[in-house]
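Subject: Structure for your review

Hello,

Please find the structure we spoke about below.

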Protein chains: 2
Amino acid sequence: MLTISQLASYAGVTVRAVRHYHATGLLPEPERDRSGYRRYDAAAVVELIRIRTLAGAGVPLSRVRELLTADEAEFAAAVEDVDRRLRAEIRELQRHRRRIAGLAAGDSLALPPEAVAYLGRLRSIGVPEPMVEAERDAWILVAAQLPEQMPFYMRMKEQQLGDPGVRDLYRDLAEVIGWSADDPRLPAVADRLAALFDAVPAKDWAQNALPADLAALLDAVFLDSVPCATRLLELLEERGWVGWTNMRPLRRS
Amino acid sequence: MLTISQLASYAGVTVRAVRHYHATGLLPEPERDRSGYRRYDAAAVVELIRIRTLAGAGVPLSRVRELLTADEAEFAAAVEDVDRRLRAEIRELQRHRRRIAGLAAGDSLALPPEAVAYLGRLRSIGVPEPMVEAERDAWILVAAQLPEQMPFYMRMKEQQLGDPGVRDLYRDLAEVIGWSADDPRLPAVADRLAALFDAVPAKDWAQNALPADLAALLDAVFLDSVPCATRLLELLEERGWVGWTNMRPLRRS
DNA sequence: GCTTGACCTTGACGCTGCGTCAGGGTCGCA
DNA sequence: TGCGACCCTGACGCAGCGTCAAGGTCAAGC
């Protein structure tokens, strides 16, 4: 007769594992000797090895039970099933690897490559870092909601940066971020923005609009982080433009 | 300001996950409104998305914390580390797949292919099923302790089956298994076994011996499952042979 | 007979990343 | 004022054991 540690060592498992199998009913509890120790016969070793063989091949313990008592056909079907699960897990991990590989520090965390390129472009034309980070956070939000639209938006933004006037404005807006609501230079900024908006064909506004809730979120980011944001929006409204993320012309009424 | 479910939906996670991140300190607890509800700003959405991006790429939450505050070099090193872990897990699962694939029902569970072939050979020469199963269980025990020796043992056994006398004996032993200890036919069986042993060169016994503890286990299987085993070993000892799994000639003294 | 060290027993918590009640309070709208 | 949709905390559950904790047992050496 064998003690539990002898049994475990013959089968190449830990004593704890054996007790776990007892607890879950996978391996029947053996007789006890007069002091309460479990005593095993050699058949238990064979049974335990069969359990370990299945468990060691990735079969969940809950299925090991059925597999041990299955006939050929059931066994084949169950094996097929377990293999499907293993394949799915492997695919999942490989997806993880691809995503990890695409993750460098900084911007590319949570942003597609085209957005990273766009942020790099902003930096290269001299937009200060705080402004770039504000842009980054905004695009992180957009990318999370509309990942498949990102290439389109980024092409649009890159195109806008082709205009020297827009580039200048971006650099200057970086400073505006720090202004207080009563800064005397705000009206001039509003004028420049309005002039830029006026140059955009009317139909483009509707076409590029973001979903209302996402736009509201982005507006909130702007209003939260820029002291003069509220004032700036007022000035723009005086000039015929309402909104921010989804800018639209004010209907004259 | 956002409620927890709005935050969660913007970031594409569940409310429960957000609370979990709070509990583990991964995401800081926000302000509460007067009724105790958590209220988030848009920056929390960005932070949560960054967390999800890492977690979704297979980074354990405990490491997400460090990664979010890591500089480029630390980040690169950590990513390398996570990728190593993912590769290891994938290798493990692929090992599982190979083992599952090699697992058909019945004998091949816990036995190498050469042992399965040997059992098939036994069946083909007419050895009855109970005897084959006894052999199978014995070889499962051996294979678990000495997997790399199995090809050697199996070649040895196949070679023994080349002898028509051995084949006859195997078929007959299948019946002996069921005999009681006082069966009058036992001495004749012992004679046949002893004659067979006498034909084996003395040095082969030592060469093929199994480790003592494994041999003891296999002997125990034999003694447990065969009623006349003890008597048979006595008869063999009278004829100059002791042991069973590790049979050896009795020194005349 | 006593000690020592190696085993045995049960019971319970820990790990990962949340899902899923349970049992209550709150908000907003008709 | 009632209803449905949210919010809160607290706690258990999941897989497969690892790892104490607190004790009882056994075999061997003195």
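Predicted model: local features only at pLDDT ≥ 70, side-chain atom pairs only at ≥ 80, totals over all residues.

Residues are numbered from 1 along each chain as its sequence is written, while chains are lettered from A and ligands numbered from 1 in the order in which they are written.

Chain A

Chain A holds 13 helices and 2 strands (DSSP runs numbered from the N terminus: H or I of at least four residues for helices, E of at least two for strands). For its 253 residues the globule rule gives 18 Å, but the radius of gyration of chain A is 33 Å, well over that value, so the chain is more spread out than a compact globule. Here the radius is taken over C-alpha atoms, and the rule is 2.2 Å times the number of residues to the power 0.38. Along the principal axes, the C-alpha atoms of chain A fill a box of roughly 95 × 40 × 40 Å.

Of the 253 residues in chain A, 21% are buried. With C-beta atoms placed from the backbone, buried means 20 or more other C-beta atoms within 10 Å of a residue's own, exposed means 12 or fewer, and partly exposed is in between. Among contacts in chain A between residues at least 6 apart in sequence, 64% join residues at least 24 apart (a contact is two C-beta atoms, placed from the backbone, within 7 Å).

Chain A against chain B

Chain B and chain A each put 43 residues into their contact. On the side of chain B that touches chain A, two or more residues come from each of α1 (4-11), α3 (42-56), α5 (72-101), α7 (129-145) and α12 (212-225) of chain B. The largest share of that side is the 16 residues from α5(B). By class, the side of chain B that touches chain A has 27 nonpolar, 6 polar and 10 charged residues. Ala, Val, Leu, Ile, Met, Phe, Trp, Tyr, Cys and Pro count as nonpolar, Asp, Glu, Lys and Arg as charged, and the others, Gly among them, as polar.

The DNA strands

DNA strand C is surrounded by 16 residues, of which A:Thr3, A:Ser5, A:Arg38, B:Arg16 and B:Ser35 are the closest (near means a C-beta atom, placed from the backbone, within 6 Å of the strand). The largest share of this surface, 3 residues, comes from α2(B).

Around DNA strand D there are 16 residues, and A:Arg16, A:Leu61, B:Thr3, B:Ser5 and B:Arg38 come nearest. There the largest share, 3 residues, comes from α2(A). By class, the surface near DNA strand D has 7 nonpolar, 7 polar and 2 charged residues.

Regards
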